[in-house]
Amino acid sequence: MKGRNMTRWRDPAKDPRQEPKSNLITLEGAERLRGILDHLSRIKRPALSAKVGEAAALGDRSENADYTYNKKELNRVIARIRYLTKRLDELQVVDRLPANTDKVYFGAFVTLEDQDGEEMRIRLVGHDETDTAKRWISIDAPLAKALLGKSLDDEATVAAPAGETTYVITDIAYRDSAARAR
């Protein structure tokens, strides 16, 4: 039996999608999600509703591509609004620094050095605000879990596809240096 909802079977005990996600988010991340929700609710949804109404007024909906496309897009936007509304209710906004800023906790900018001497700067954020381009990783990621509670010059070992990788923490900050320079 084939269908769009068919997927391969996964053992629920080993499926990474079944692992509980943390409900933490930074203040900036929560504001960004609220902004997206506001844009979808106040601008995008009414515009799509108007387009669907105009396309429906043209007559036969079964052969009307404008109606079909805009109706699907409207349903997608409504589903996204519903998801964001529910998700924002579940989230816990972390808007203050931890008591001990010498250790790695949620929201920290951490500079790591690997065995080859290469450095990378990452930030530990919530699941909803991960961004690979900025190197913001989820607090639920294996690297983040290995770093939590560590101090400066501590080592963190993480299992990677190529084998275990060990990182040394060279810097911990809770405000981005680019934001501090402004």
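In this predicted model, the charged end of Lys134 sits over the ring of Trp136, 4.5 Å from the ring centre, where a charge counts as sitting over a ring if NZ of Lys or CZ of Arg is within 6 Å of the ring centre and within 35 degrees of the ring normal. Arg123 also lies over the face of Trp136, at 5.0 Å from the ring centre.

| Charged residue | Ring | Distance to ring centre |
|---|---|---|
| Lys134 | Trp136 | 4.5 Å |
| Arg123 | Trp136 | 5.0 Å |

The structure holds zero aromatic pairs, a pair being rings of Phe, Tyr and Trp (its six-membered ring) with centres within 6.5 Å.

Residues are numbered from 1 along each chain as its sequence is written. Because the model is predicted, local features need pLDDT of at least 70 and side-chain atom pairs count only at pLDDT 80 or more, while totals for chains, interfaces and linings use all residues, and side-chain values use heavy atoms, with hydrogens and water left out.

Strand S3 (residues 109-113) is mostly covered, with four of its five residues buried, that is, under 20% relative accessible area with a 1.4 Å probe and protein chains only. Five bridges join S3 to strand S4 (residues 119-125) in an antiparallel arrangement; Val110 has Ile122 as its bridge partner in S4, and Phe109 stands opposite Arg123. Five residues lie between the strands of this S3 and S4 hairpin, in which Gly117 takes a positive phi near 85 degrees. S3 also pairs with strand S7 (residues 163-173) in the antiparallel sense over five bridges, and there Glu113 stands opposite Val168.

Glu155 lies in strand S6 and is exposed, with a relative accessible area of 52%, the limit for exposed being over 50%. Leaving aside residues up to four places away in sequence, Glu155 touches Lys150, Thr166, Tyr167 and Val168, where contact means heavy atoms within 4.5 Å. Glu155 and Glu113 are 42 residues apart in sequence and 9.5 Å apart in space, C-alpha to C-alpha.

Definitions and conventions
Rings of Phe, Tyr and Trp (its six-membered ring) pair if their centres lie within 6.5 Å; planes under 30 degrees apart count as stacked, over 60 as edge-to-face and the rest as tilted. Helices (H or I, at least four residues) and strands (E, at least two) are DSSP runs, numbered from the N terminus. Two strands pair if DSSP finds at least two bridges between them.
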